[in-house]
Amino acid sequence: MKKLTMFYDGLCPLCQAEILFLSGRNQAGLLSFVDVNSNHYSADKVGVSCQQALDSMYAQYDDGELINGVDVFSAAYARANLPKLAWLFSRPSLRPILTMAYRFFAKNRHTISGLFGPSALWLVNATRKHK
């Protein structure tokens with residue numbers, strides 16, 4: 001299975017919670033994470049502007065292939081040993097609904113994250129400490 005680098009919004013608490021959750025399940029080392037707001041992100045190298053990366057979740061396989069949107073979640077969950085979530089996010093029949101839901105989230109992530117992000121971060125951190 002190819003390694004996948006996910007590009008995420010480090011200023012979004014809900015996004016941070018998802019990345020912490022996935023990193024805690026990354027036993028096989030098939031995932032890496034880059035905050036698009038950091039100096040580690042190079043739009044020229046990736047081929048995706050910072051704004052594009054903020055508008056839609058992007059990831060890149062170690063061979064350079066880019067994926068975005070719902071495909072990122074399916075690939076990430078498979079690599080994080082979450083087969084049921086990977087299966088769910090890969091269903092063609094659910095793709096339109098998941099795509100619409102993700103676009104809504106991406107457009108409103110800071111508002112949504114302001115409501116749910118702190119609790120999600122607390123929950124992820126609390127469960128990580130108990131392992």
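A residue counts as partly exposed when its relative accessible area lies between the limits for buried, under 20%, and exposed, over 50%. The views below show a predicted model.

**View 1. A nonpolar patch on the surface includes Leu 85.** Leu 85 belongs to helix 5 (residues 83-89). Its relative accessible area is 32%, so Leu 85 is classed as partly exposed. Together with Trp 87 and Leu 88, Leu 85 forms a patch with about 270 Å² of accessible area.

View 2. Strand 3 (residues 58-61) pairs with strand 4 in the antiparallel sense over 3 bridges, and Gln 60 has Leu 66 as its bridge partner in strand 4.

**View 3. Lys 2, Asp 63 and Glu 65 are joined in a network of salt bridges.** Side chains of opposite charge can pair when their charged atoms come close. The N to O distance is 3.1 Å between Lys 2 and Asp 63, and 3.0 Å between Lys 2 and Glu 65. Lys 2 lies in the segment before strand 1 and Glu 65 in the loop between strand 3 and strand 4, so this pair ties together parts 63 residues apart in sequence.

**View 4. Arg 109 and Asp 9 meet in a salt bridge (2.8 Å, N to O).** Arg 109 lies in helix 7 (residues 109-129), and Asp 9 in the loop between strand 1 and helix 1. Arg 109 is buried, at 8% relative accessible area, and Asp 9 is buried at 6%.

Terms used
Residues are numbered from 1 along each chain as its sequence is written. This is a predicted model: local features need pLDDT of at least 70, side-chain atom pairs count only at pLDDT 80 or more; totals for chains, interfaces and linings use all residues. Side-chain values use heavy atoms; hydrogens and water are left out. Two strands pair if DSSP finds at least two bridges between them. Helices (H or I, at least four residues) and strands (E, at least two) are DSSP runs, numbered from the N terminus. Patches are made of residues with over 30% relative accessible area and no salt bridge: like charges are joined within 9 Å, nonpolar side chains (Val, Leu, Ile, Met, Phe, Trp, Tyr) within 5 Å. Accessible areas come from the Shrake-Rupley method with a 1.4 Å probe; for residues, only the protein chains shown count as cover. A salt bridge is a side-chain nitrogen of Lys or Arg within 4 Å of a carboxyl oxygen of Asp or Glu. Buried means under 20% relative accessible area, exposed over 50%, partly exposed in between (1.4 Å probe, protein chains only).
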